[in-house]
Amino acid sequence: MSHPFSQTGKLTFDELLHQIHIVSEQLPDLRSGDVTYKMLDAALGAFSIFFTQSPSFLDFQRTLEKAKGSSNAQTLFKMVNIPSDNHIRNLLDPVEASHFNPIYRYVIERFQQSGQLEPYRYINGDLLVALDGTQYFASSKICCRNCKVTEHKNGKITYSHAAITPVILVPDNPRVLPLEPEFMTPQDGDEKQDCENKAAKRWLIQQGSRLKELGVTILGDDLYCKHPVCEAILKEGLNFILTCKPDSHKTLYEWIDYLEKTKGLQEVEIQYHKGKHHYIDKYRFTSDVPLRDTKDSLKVSWCELTTVRDDGKVTYHNSFATNHTITNENIVKIVKAGRARWKIENENNNTLKTKGYHLTHNFGHGKENLSTVMATLNLLAFLFHTTLELMDSQYQAIRNYLPRKTFFDDIRALTRYMCFNSLDELLSFMMKGLELEADDTG
Ligand SMILES: [Zn+2]
């Protein structure tokens with residue numbers, strides 16, 4: 001591939017594709033002898049379908065190749081030959097999804113080098129990384145060796161797959177950056193919680209030293225607010241802000257009750273107007289409360305926010321545990337960070353599930369790893385789009401102008417009928433047609 005690196009230090013699409021090339025060439029290939037389709041074709045073929053959000057992308061490219069001698073599969077996505085869905089299935093099913101993890105790491109490293117992570121630093125210079133489990137496949141019929149099997153009381157069986165899909169996020173910024181996922185492969189008798197906590201701990205151990213270097217505060221829901229997970233976070237040199245509910249933290253809330261009675265909680269109140277109403281944000285916090293009822297329990301800082309409207313209605317209430325020292329100055333920020341993890345539902349998991357990034361594409365499910373390989377390639381497509389949104393001025397201009405659905409409809413139509421030498425050329429073509437000008441200063 002010719003010079004995939006941009007002059008500006010920003011990540012380009014070709015540079016990103018180049019990473020898929022590097023990884024794909026090292027994928028284990030169980031076949032021997034001369035083969036028409038390379039592992040590269042299978043990985044890029046699946047990726048191209050997710051990136052264009054067009055299940056028929058490869059069919060269209062085959063037709064285009066017959067008519068014009070070349071297709072976007074080769075020019076845009078740098079495939080050698082266009083594999084069938086069947087080839088993709090057979091070639092990728094034996095591959096472990098973790099082979100693709102270096103691509104996620106590469107992207108974050110490049111973000112760091114080009115200064116693009118700086119806007120994501122939030123509390124004490126830390127990046128916020130939200131952990132959240134998501135089920136991305138469920139069926140009563142289709143299953144593979146790695147499916148989780150749930151037997152219901154009525155005798156019915158559900159096969160499913162779930163993963164932790166961590167993202168870097170920051171309050172008031174709609175763009176989240178996915179990090180490599182950790183797939184949950186349940187053992188017999190594992191509860192959801194055990195399974196998700198175990199997956200989180202595996203992920204933390206693998207990522208810890210890299211995250212420590214970046215400076216990271218982990219965000220997560222009440223499920224993660226457990227002594228062993230917090231301990232694992234601290235052991236890796238990371239910080240945490242986790243939802244901390246009364247029902248699952250009896251001992252901690254006995255302390256809070258006691259401190260409340262003895263006026264031992266610190267308080268901050270902020271009043272403001274929003275729309276027709278007047279609101280009061282009531283913050284309370286303290287430090288050094290035990291997370292659980294054991295002698296060796298971690299001591300954490302605790303805080304809560306209750307928002308009360310002028311008609312007396314409580315419009316928000318939540319509480320968090322953190323290892324950060326809470327002060328009058330940072331309490332608002334800490335709670336805002338804790339609340340920001342809800343964004344993961346909207347920006348990452350929801351986008352993946354509902355906005356065209358079908359994690360469960362009709363490629364079929366495979367017998368071994370296909371389902372997880374497809375999920376990780378799909379997440380990479382999401383990461384590549386987010387990267388372009390942050391780094392490519394043409395892409396930004398078009399996405400600001402076109403609604404999401406129109407954008408992908410147009411990509412599908414254009415690549416069906418015309419062959420573009422690069423994504424740049426495709427985007428330039430769209431810019432001209434829409435009479436847009438790129439802002440190159442950003
Ligand atoms: Zn399965």
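Trainee: What volume does the largest cavity have?
Mentor: The largest cavity has a volume of about 50 Å³. A cavity is a set of points on a 1 Å grid over the protein atoms alone where a 1.4 Å probe fits but cannot get out, and a volume is the space filled by probe spheres set on the points, which are joined across faces, edges and corners. This is a predicted model, in which local features need pLDDT of at least 70 and side-chain atom pairs count only at pLDDT 80 or more, while totals for chains, interfaces and linings use all residues. Residues are numbered from 1 along each chain as its sequence is written, and side-chain values use heavy atoms, with hydrogens and water left out.

Trainee: How many cavities of 30 Å³ or more are there?
Mentor: The count is three.

Trainee: Which residues line the largest cavity?
Mentor: The lining, meaning residues with an atom within 4 Å of a point, consists of Y104, R105, I108, L179, E180, Q207, R210, L211 and L214. Helices α6 (101–113) and α7 each give two or more residues, and α7 gives the most, with four. Helices are DSSP runs of H or I with at least four residues, strands are runs of E with at least two, and both are numbered from the N terminus.

Trainee: And the second largest pocket, how much space lies there?
Mentor: About 310 Å³. Of its 18 lining residues, E96, A97, F183, T185 and T372 are the closest to the centre. A pocket is an open set with protein on both sides within 12 Å along at least five of seven lines.

Trainee: Which element supplies the largest share of that lining?
Mentor: Strand β8 does, with three residues. β5 (157–164), β8 (182–184) and α7 (192–214) each supply at least two.

Trainee: Changing topic, how do β4 and β5 run?
Mentor: They run antiparallel, and four bridges join β4 (residues 148–151) to β5; strands pair if DSSP finds at least two bridges between them. E151 stands opposite I157 in β5. The two strands form a hairpin with five residues between them, and G155 in the turn has a positive phi of about 90°.

Trainee: Which residues have the most contacts inside the largest nonpolar core?
Mentor: They are F47, F100 and I218, in a core of 138 residues. Helix α12 (residues 370–391) gives the largest share, 14 residues. Such a core joins buried Ala, Val, Leu, Ile, Met, Phe, Trp, Tyr and Cys residues through side-chain atoms within 4.5 Å, where buried means under 20% relative accessible area with a 1.4 Å probe, protein chains only.

Methods
Buried < 20%, exposed > 50% of the residue type's maximum accessible area, 1.4 Å probe, protein only.
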